[in-house]
Amino acid sequence: MEKVTPAFTNELIDQRVEELTTVRLKVTYVGKPRPEVKWFLNNKMIQRSDSIDIETTEAESTLVIRRIRPEQHGKYTCKLTNEVGTVKSKCWIQIIGKIP
């Protein structure tokens, strides 16, 4: 089987979002074997929870944050790893006050 280093075909972009809205961060990628995908907030690995979901297929991954809170602002990183390499895509999420 041909081995391909992971690479993003669509990377993360910085966003300004309203507090308590739903945020979706999506990347698309290639790599063989299929890369392992991990998401981080300020260098701490993100785990699924009641308000956080991670949807990953063979060629894309989406981090969904429902009702985003001020403490969830910062640098988001998606890391792809397989046996031939590692690559990261990063963005900043700024949370603005809820508009009345």
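Predicted model: local features only at pLDDT ≥ 70, side-chain atom pairs only at ≥ 80, totals over all residues.

Visitor: Okay, so is Cys-78 buried or exposed?
Guide: Cys-78 counts as buried, because its relative accessibility is 0%.

Visitor: And Cys-91, buried or exposed?
Guide: Cys-91 is buried, since its relative accessible area is 0%.

Visitor: Switching topic: how many helices and strands does the chain have?
Guide: There are zero helices and nine strands. Both are DSSP runs numbered from the N terminus: helices are H or I with at least four residues, strands are E with at least two.

Visitor: Which strands make up the open sheet?
Guide: That sheet has five strands in the order 2-9-8-4-5, with mixed pairing. Its edge strands are strand 2 (15-18) and strand 5 (44-45), each pairing on one side only. Two strands pair if DSSP finds at least two bridges between them.

Visitor: What holds paired strands together?
Guide: Strands of a sheet pair through backbone hydrogen bonds, either parallel or antiparallel.

Visitor: How many bridges join strand 4 to strand 8?
Guide: Six, between residues 36-41 of strand 4 and residues 74-82 of strand 8, and the two run antiparallel. Phe-40 stands opposite Thr-77 of strand 8.

Visitor: What about strand 6 and strand 7?
Guide: Strand 6 (residues 52-56) pairs with strand 7 (residues 60-65) over five bridges, in the antiparallel sense. They are joined by a hairpin of three residues. Thr-56 has Ser-61 in strand 7 as its bridge partner.

Visitor: Where does Ser-51 sit?
Guide: Ser-51 is in the loop between strand 5 and strand 6. It counts as buried because its relative accessibility is 18%. Beyond its neighbours within four places in sequence, Ser-51 is in contact (heavy atoms within 4.5 Å) with Val-64, Ile-65, Arg-66 and Arg-69.

Visitor: And where's Gln-15?
Guide: Gln-15 is in strand 2. At 24% relative accessibility, Gln-15 counts as partly exposed. Gln-15 and Gln-94 are 79 residues apart along the chain, and their C-alpha atoms are separated by 6.3 Å. Setting aside neighbours within four places in sequence, the contacts of Gln-15 include Val-23, Leu-25 and Trp-92.

Visitor: Now zoom out. What does the C-alpha trace span?
Guide: About 55 × 25 × 20 Å along its principal axes. Of the 100 residues in the chain, 38% are buried. Among contacts with a separation of 6 or more, 62% come from residues 24 or more positions apart.

Visitor: Last one: how many positive and negative side chains are there?
Guide: The chain has 17 positive and 13 negative ones, with the centres of the two sets 3 Å apart. Lys and Arg count as positive, Asp and Glu as negative, and His and the chain ends are not counted. Each charge is placed at NZ of Lys, CZ of Arg, CG of Asp or CD of Glu.

Methods:
Residues numbered from 1 in each chain as written. Heavy atoms only, no water. Buried < 20%, exposed > 50% of the residue type's maximum accessible area, 1.4 Å probe, protein only.
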